[in-house]
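Hi everyone, thanks for making time. I'd like to walk you through one model today, so please have a look at it while I talk.

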Amino acid sequence: MAMDDRSFAEYREKAFSFLWDEVAPLEEEIERTERIPRDVLWPKFRDTGQLGLLVPEEYGGMDLSEAQYLEFEKEWSKVHGGIRVLLHVHNGGADVLKFVSEEQQKTFFPRIARGESSMPLGLTEPEGGTGRDIKARARREGDHFILNGTKHLITNADFADVFCVVCWTEMADGRYEISNLLVERDRKGFTIRDMKPCMGCKGAYHGRLLFDDCAVPVGNILGEEGKGLEPTVYALNVSRVRIAANALGTMERCLDLAVEYAGKRLTFGKPIAERQAVQRYLSEMALDIYALQCALSDTARKIDRGENILMEANLCKLLAIETERRVTDNGLLVFGGIGYTGEYPIDRLYRDARLNWLEEGTPTIHMMVAARGLLAGQRTYRPFHQENIETSLDLARKEG
Ligand SMILES: Cc1cc2nc3c(=O)[nH]c(=O)nc-3n(C[C@H](O)[C@H](O)[C@H](O)COP(=O)(O)OP(=O)(O)OC[C@H]3O[C@@H](n4cnc5c(N)ncnc54)[C@H](O)[C@@H]3O)c2cc1C
């Protein structure tokens with residue numbers, strides 16, 4: 001059961017105060033060192049409930065509704081992109097656990113909420129596409145799988161103790177199907193390699209996972225064997241909505257900074273906020289923000305009602321990157337040249353934003369999925385009539 005509105009408002013107030021009072025001041029240090037002081041922050045995130053926001057209450061989590069959780073995703077982005085990535089991936093570990101046995105839930109949910117376990121999804125590969133194009137493969141040998149393959153760009157791989165590796169597994173009848181296989185970081189045959197730092201969201205870590213004849217017990221399958229795609233697609237869909245919320249946080253912070261700056265920066269004796277050209281930048285930013293806010297609250301409501309949000313998730317992410325592109329561009333223009341330096345957070349927000357294009361799929365993929373949904377009859381609204389179009393050929397035939 002999600003928290004009631006009043007308890008949530010009180011909880012949010014405390015948690016966000018912690019973010020702005022204790023995490024936001026670390027921005028400069030994280031940008032400079034490209035390192036998040038996780039040892040210091042992790043216990044504080046745990047104590048403010050932010051490691052188990054999606055974990056059910058009975059397992060020690062905050063059990064937030066999606067609408068409530070999106071507010072956290074938004075606020076993390078405002079505070080710092082690297083912090084957002086760290087917490088987004090950690091909390092997202094709870095998504096796949098919705099599909100597993102009660103026994104596995106009892107093991108992992110409490111550990112995630114307490115921050116003792118972190119379980120990133122290992123999906124992306126350097127040698128194949130996602131979904132059925134993945135190449136990682138595990139053959140069966142007695143009561144073990146022997147896993148071979150490579151994953152890359154895997155977030156939180158510097159400290160995660162277990163990885164939910166999406167791979168082909170050999171079924172008892174010899175066929176291969178996609179499963180989610182839990183691989184502990186200290187397993188023989190499993191190596192984690194550093195990757196180069198990213199252009200934004202500094203301090204977040206992404207690693208390369210190499211599996212070389214890595215023996216994993218058959219009992220490490222998460223959920224049902226051979227049915228790994230359904231939880232993965234669910235996790236990707238909700239995560240796409242959360243990326244849109246991250247974009248919204250970035251955009252709202254850009255607008256607040258731009259309004260503040262425009263009121264103070266004087267040219268020819270007047271604040272630039274009095275110039276119509278600058279006012280246009282600001283109002284366009286507000287317009288984009290409002291459009292995304294509306295799309296997100298509609299989608300969050302549908303998720304909380306248990307509706308299928310395949311279309312909405314992909315459309316939200318597409319709308320998010322389109323609007324975020326304009327808002328970060330306009331924000332930068334309001335600041336002029338100084339915005340391109342590290343003097344104001346606008347430069348950090350601009351760089352952090354670019355990750356949203358790529359996470360959980362590229363725009364091309366979202367368009368493909370949305371188009372497939374449309375052609376299969378899905379809509380974001382309920383139509384009350386059926387279109388019946390005749391082609392020119394049909395019309396010509398009719399006319400004889
Ligand atoms: C900072 C960061 C963190 C990440 N964290 C994780 C993580 O924790 N776990 C994880 O599994 N992944 C993670 N990823 C990977 C991310 O999800 C992928 O990078 C993203 O989904 C795009 O896949 P790709 O990199 O394989 O792109 P590619 O598939 O190589 O795409 C390259 C280009 O080709 C196009 N393309 C590819 N296939 C098709 C097609 N069939 N039709 C038309 N066009 C196509 C794409 O649209 C794109 O323009 C992370 C990525 C980043 C940058």
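This is a predicted model: local features need pLDDT of at least 70, side-chain atom pairs count only at pLDDT 80 or more; totals for chains, interfaces and linings use all residues.

Let me begin with a term: two strands pair if DSSP finds at least two bridges between them. Residues are numbered from 1 along each chain as its sequence is written.

With that in hand, let's go to strand β4. β4 and strand β5, residues 176–184, pair in the antiparallel sense over 9 bridges.

Which way do β1 and β4 run? They are parallel, joined by 2 bridges, and G122 stands opposite V165 in β4. Strand β2, residues 137–141, also runs parallel to β4, again with 2 bridges. There, A138 has T169 as its bridge partner in β4, and R137 stands opposite W168.

Now over to β3. β2 and β3 run antiparallel, joined by 5 bridges, and R137 has N148 as its bridge partner in β3. Their hairpin has 2 residues between the strands, and G142 takes a positive phi near 65 degrees there.

A quick word on backbone angles. Most residues other than glycine have a negative phi. L153, which sits in strand β3, has a positive phi of about 65 degrees although it is not a glycine. L153 counts as partly exposed because it has 18 C-beta neighbours inside 10 Å. C201 is another non-glycine with a positive phi, of about 45 degrees. You'll find C201 in the loop between β6 (190–194) and β7 (206–217), and C201 is buried because 28 other C-beta atoms lie within 10 Å.

Next, the inside. A nonpolar core here is a set of buried Ala, Val, Leu, Ile, Met, Phe, Trp, Tyr and Cys residues joined through C-beta atoms within 7 Å. Which residues touch the most other members of the largest nonpolar core? Of its 102 residues, they are L147, L181 and A244. Helix α7, residues 229–264, gives the most to this core, with 14 residues. Take L181: leaving aside its neighbours within four places in sequence, its contacts include F145, L147, V165 and C167. Contact means that the C-beta atoms of two residues, placed from the backbone, lie within 7 Å.

Let's zoom out. The domain assignment, which is automatic or from a database, gives domain 1 (5–113), domain 2 (121–227) and domain 3 (230–375). The centres of domain 2 and domain 3, taken over C-alpha atoms, are 32 Å apart. Their contact takes 10 residues from domain 2 and 8 residues from domain 3.

A residue is near it if its C-beta atom, placed from the backbone, lies within 6 Å. Of the 20 residues around the ligand, L123, T124, T155, T362 and T364 come nearest. Elements giving two or more residues to this shell are β1 (121–122), β3 (144–155) and α11 (363–375), and β3 gives the most, with 3 residues. Domain 2 and domain 3 each supply at least three residues to the shell. What is the shell made of, by class? It has 10 nonpolar, 8 polar and 2 charged residues, where Ala, Val, Leu, Ile, Met, Phe, Trp, Tyr, Cys and Pro count as nonpolar, Asp, Glu, Lys and Arg as charged, and the others, Gly among them, as polar.

Conventions. Helices (H or I, at least four residues) and strands (E, at least two) are DSSP runs, numbered from the N terminus. A residue is buried if 20 or more other C-beta atoms lie within 10 Å of its own, exposed if 12 or fewer, and partly exposed in between; C-beta atoms are placed from the backbone.
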